[in-house]
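User: I am new to reading structures, and I would like to learn how to go through one feature by feature. Could we take one together?

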Amino acid sequence: MSRSIALLLVLAVAACGGDGDGENTGGIGRVDSTSLVTIVTADQPSVLDPHSTSNGGDVKVIHQIYETLIRVDPSDVNRMVPALATQWTVADDGLSIQFQLREGVTFHDGAAFDAAAAKLSLDRLREDGFELSRAPYKPEFGDVAGFDADGHTLTMRLSSPVARVALRNLTMFCASIVSPTVLEASKSMDPDAATAFVTDNAAGTGGYRVDAFDQKAKIARLVANDDYWNGKPSIGTLIFTPVSDESTRTEYLGNPNGHFLVDDVPRQHWATVESSERMQLHSWWALNLCYLGMNAKHEATKELGVRRAIQLAVDREAVMAHYEGTARPTYSLVAQPMAEYDRGLRVPDWDDDHAKRLATATKLIDEAGAKGREITIYYPQMPRPYLPRPQNIADTVRQSLKAIGLDARIQGEENSVLFSQVSTGQYELILIGWMTDNGDPDNFYSPLADGADGKPAENNTSRTFHADVHAKLLAARQLSSAGERVTAYRDVERALQTDVAGYTPLVNTKQAVAYSKGIKGFVIDGIGHYRFDEATLE
Amino acid sequence: MSRFTDWLWRFLRYHRPALVGTVLVMAVVLTAVVGPVVLSYEPDDVFSRFAETGSKHLLGTDSQGYDLLTRMVYGARTTLAIALVSMSMSLCLGSLIGAVSGFAGGKTDLLLMRGVDIAMSFPGFLLAMVAVAILGPKLENVIVAVGLVGAPMFARQVRAEVLRVGSAEYVTAARSQGFGPSRTLFLHVMPNSLSPIIVLGTLGMGSAILDVAGLAFLGLGGDPYRIPEWGLILTQGWDQRPDANLQVAVAGLAIFVTVLGFNLLGDGLKDELDPRTRRR
Amino acid sequence: MLAYIVRRLGLSALLLAVVVAATFMLHHALPGDPAAAVLGKQYTQEAAHEMRERLGLNDPIPTQFVRYVGRVASGDLGRSHVSNELVTEELKRALPATIELALTALLIATLVGVTLGVLTALRPRTWWDVAGLTAALAGVSLPIFWLGFLALQAFGESGVMADVLGVRGLPLGGRFSPAAYSLGQFVNETPAATGFFLWDTLFVAGDTQVFLHVLKHLFLPAIVLASVPMAVIARITRASMGDALLQDYVRTARAKGLRARTVVLKHALRNASIPIVTSIGTQLGYLIGGAVLTETIFQWPGMGTYVVDSIRALDVKPLQACVLVVAVGFVIVNLLVDISYAWLDPRVSTAGGAE
């Protein structure tokens, strides 16, 4: 009875809604759709202060408003190209870099861009003369001694010859140059108020300026900057709207009204987008990896043989099955698209045949007397781009460990629990990943496999400090020739895998954005940052 | 014994819904006990992922390559066990509180019953969620949380029974003979208040299964692969829809049928055992 | 009656005090370091210590408690460390969403449940009765998320029924489709908007097309959420109507020759309504619990998803706030039930009239 009433009601409602949602949904606040692109992101923008945020939702907006001195070459992630700096030279001793800055550039608020303006921003992000409530990238600039400004010439002084790392860091959004007028005015405020002030008065040199930023709805509307040094952008308006729910976000893919860019499209929908008439997919191999961290200090994984066995046993093909064809096996800690990735590297006793590897691994386990040992694989409950289905992937890894005679189990934890677990070493195995912001190999090895003063770094999942590796890393960081760097980092990787065996790299994954086919010529680099200032609409 | 069989026969004959309930519950119990013996696979045998349904895998395989039928059958065992443990927890804890409260009376009674009132005036499922958040998302903790949340209902019922039975003549007699309160409680009061507790226990099995499954659905159930529990199996399928729609359908149906069985049975028992509604 | 209500008020105050204390303890009971949660990728032990200092977690517990009570009393519920937004702002969006869903579900449950109950009570011991009772029992035995799944498979976009009928089917989730995202802007930017979308679209914006759009999104979740209360209300109605129909005054009324419908509706139902109203009140408790699951299935941006998200992320402030808000809601609902109880009980109202 209740069912039949319900049924009738459903049919009535469904029938009257048969015309579809995609069409005009009425008169509430319609937006002019000519020369407009709506960018749908997973994360919300809330702070438009590049020096004081690390949130992905902010970064996407920040890239349209502000610019850095140099950028990652969109066609080759290993190269850098000019932006606000037209050229740069590294001194012979490697302890300073001189930048020639672009002339005739003005900020959105009318302030002129020069070396003094650049210095102010680069000082602020390192909390040099400024105090920030959060300075997430300050540690990355630890080797910077200071900046000297002279007209349109800026000199960066380094405390050790790590020019390449320093340059890569300058491509990060956090090194964006903010209007000096705004920064000077914010200087006297308390840190929270200063960040809010910079957000409210966001003024950079980028192709777009903030027209409206609705803090409540987290919707940002940007308009083309008439005075942009590279010519006024062709697309008039950008709207950034956060849609945290995955399936709601994908609904935009079929939206016939207007032009869209949809970020963080779930992997299972990529194929649909590729075959769609309206949308296209831009995908690239991201600078990331998913790996299994192995705690060399934990009772259950303390023997090198056990960790070596796990390295051999893990079935990457089975893990890849959870990525809908958007992952490839990876064998080194550094991201595969990077020049320093070692294609030939395999752990000792490697055999291309998985069954033979399992046999070797089983033998290693037996020798260590670890047969039937209870081992827990911890994993984060929240999916990440490199770990889309954590629970399933963890279980697949568990299957491999079971095959070599370990009594493995899996345990999901919330991120903050995992973070403190890692830094205190309370785990055997951990399924985790890493994504670089600057594209330098040091950004993988320093936090994930190194440490200082004889202690492992917070994110070093092996919980081991290895003096030899540490020395090698220090040396590698100072190399500037591409060939030498490749050799040096291969050496590091081999030492780590053989002597420490503190991780098992699993896969490198693709990332993608979907966008309307009518959007032409927008720029996206290998790290995944995109800009609209050169794009046009059809 | 024959008195019991007579009673059972009459009960099932007059309570058709209870008969249906008994059959359903017996079927699930039978599956749980005998099923694993009959099956040819173990729950953690790995095959190809998302294999079609067919003679090799009657219900196909899941996203991890496990045989779904095997996991469902083992799931009957774990699901019933989990529900039984957490319901027993509610029962023991609730009975203890209720008995103490009813027997002690006065301030103890007032304090305990206020506590029960407060606990019951708040959505139990939400409480269980918060409890699991505190304890950590593991199945053991889910059992504890569901057990705790179910306790107040038993407490209230047992207290009422103690008050009812406690004033009965044989109890007064026992106390006047100098038996201590705990002895009176266990020897005289408890046995005479059994029937409403049996009813609540039967209904409690159903709600425990639903609560455990609900928590699993919210991702608070822990490792879904080592312990095949129906709620976890369902959730696993839900995360992989539409590829695993069959898995969701089957696991949900199993939960529904089992809970319905317990509810029908409990409802029939209530009618039968409650002197006020007993069939004339 | 007044004394009763006063006593209820006392209990409510006690409940609230307990809940405030309990939510305070949540901060320390939850696993994971709140400082680590705020810091995320930037976590180091030094930074965590500094952050704990900033968050006041190193102060003595009583100091923290007093500060917490003070903040709650002044309406400061803190910030979510996930979105970095004020919890009160997030509640302003989530609360109307859930209330709208729960009230719609309760309306459906009451209408269908009472009708079903009356119909079965009028035909006792027939197939009607048995079918009705079994359906009611089935209703409370259904895993609600499974029902949601089935409903989506049948009536959702490109679902089975939608295919058969050649219509598009109902939306799979959310309160409105992205195509109408300006609706979200409207609700956020229009001062007159309440956050109750049915109201906002019909009365504030006066746009029936958008109203229908919103209604379509509300429909499936409301039906699914209504299933359990519907079953319970039907059973209670059946039982109390059954009793009422056997009472002398109903027989008298019938003997007087009053029309059957009048007897049923005016006399029997009124007298049966006390337990029904009480059960409707208690069902709100269920609705909150059920809303958590229903909202998760239908991605309804209400309190349920808010609670689940904050539990998953161990986001303490929103979790504390949700528990507090639910508790306050409960107190209010329970009081309302008590008042309607007094209003419906004929003895209370005659006594009042005589004075």
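**Reading the model step by step**

Analyst: Just after helix α12 of chain C, the residue C:G257 adopts a positive phi of about 90°, where helices (H or I, at least four residues) and strands (E, at least two) are DSSP runs, numbered from the N terminus. This is a predicted model, in which local features need pLDDT of at least 70 and side-chain atom pairs count only at pLDDT 80 or more, whereas totals for chains, interfaces and linings use all residues. Residues are numbered from 1 along each chain as its sequence is written, and chains are lettered from A and ligands numbered from 1 in the order in which they are written.

User: Of the residues of helix α12 of chain C, how many are buried?

Analyst: A residue is buried if 20 or more other C-beta atoms lie within 10 Å of its own, exposed if 12 or fewer, and partly exposed in between, with C-beta atoms placed from the backbone. Of the eight residues of α12 (residues 248–255) of chain C, the number buried is zero, so this helix lies largely in the open.

User: What span should helix α4 of chain C have?

Analyst: The expected span of a helix is 1.5 Å times one less than its number of residues. Helix α4 (residues 61–73) of chain C has 13 residues and should span 18 Å, and because its end C-alpha atoms are 18 Å apart, the two values agree. Just after α4 of chain C, a positive phi of about 80° is found at C:G75.

User: Into which domains is chain C divided?

Analyst: Domain bounds come from an automatic or database domain assignment, and here they give domain 1 (1–82 + 315–355) and domain 2 (87–312) of chain C. Two residues are in contact if their C-beta atoms, placed from the backbone, lie within 7 Å, and by that rule 21 residues of domain 1 of chain C are in contact with 18 residues of domain 2 of chain C.

User: How many residues of chain B are in contact with chain C?

Analyst: In chain B, 33 residues are in contact with 33 residues of chain C. The elements that give two or more residues to this side of chain B are α4 (106–120), α5 (124–135), α9 (194–217), α10 (230–239) and α11 (245–273) of chain B, and the largest share, nine residues, comes from α11 of chain B. Chain B as a whole has eleven helices and zero strands, and buried residues make up 50% of its 280 residues.

User: How confident is the prediction for chain A, and where is the pLDDT below 50?

Analyst: pLDDT is the predictor's confidence in each residue, from 0 to 100. Chain A has a mean pLDDT of 88, with 93% of its residues at 70 or more, but over residues 1–31 of chain A the pLDDT is below 50. Where pLDDT is low, the predicted coordinates should not be read in detail.

User: Which elements does chain A have, and is A:R307 buried or exposed?

Analyst: Chain A has 16 helices and 24 strands, and 52% of its 538 residues are buried. A:R307 is placed in helix α9 (residues 304–313) of chain A, and because 27 C-beta neighbours lie inside 10 Å, A:R307 counts as buried. Leaving aside neighbours within four places in sequence, A:R307 is in contact with A:M294, A:A296, A:T301 and A:A501.
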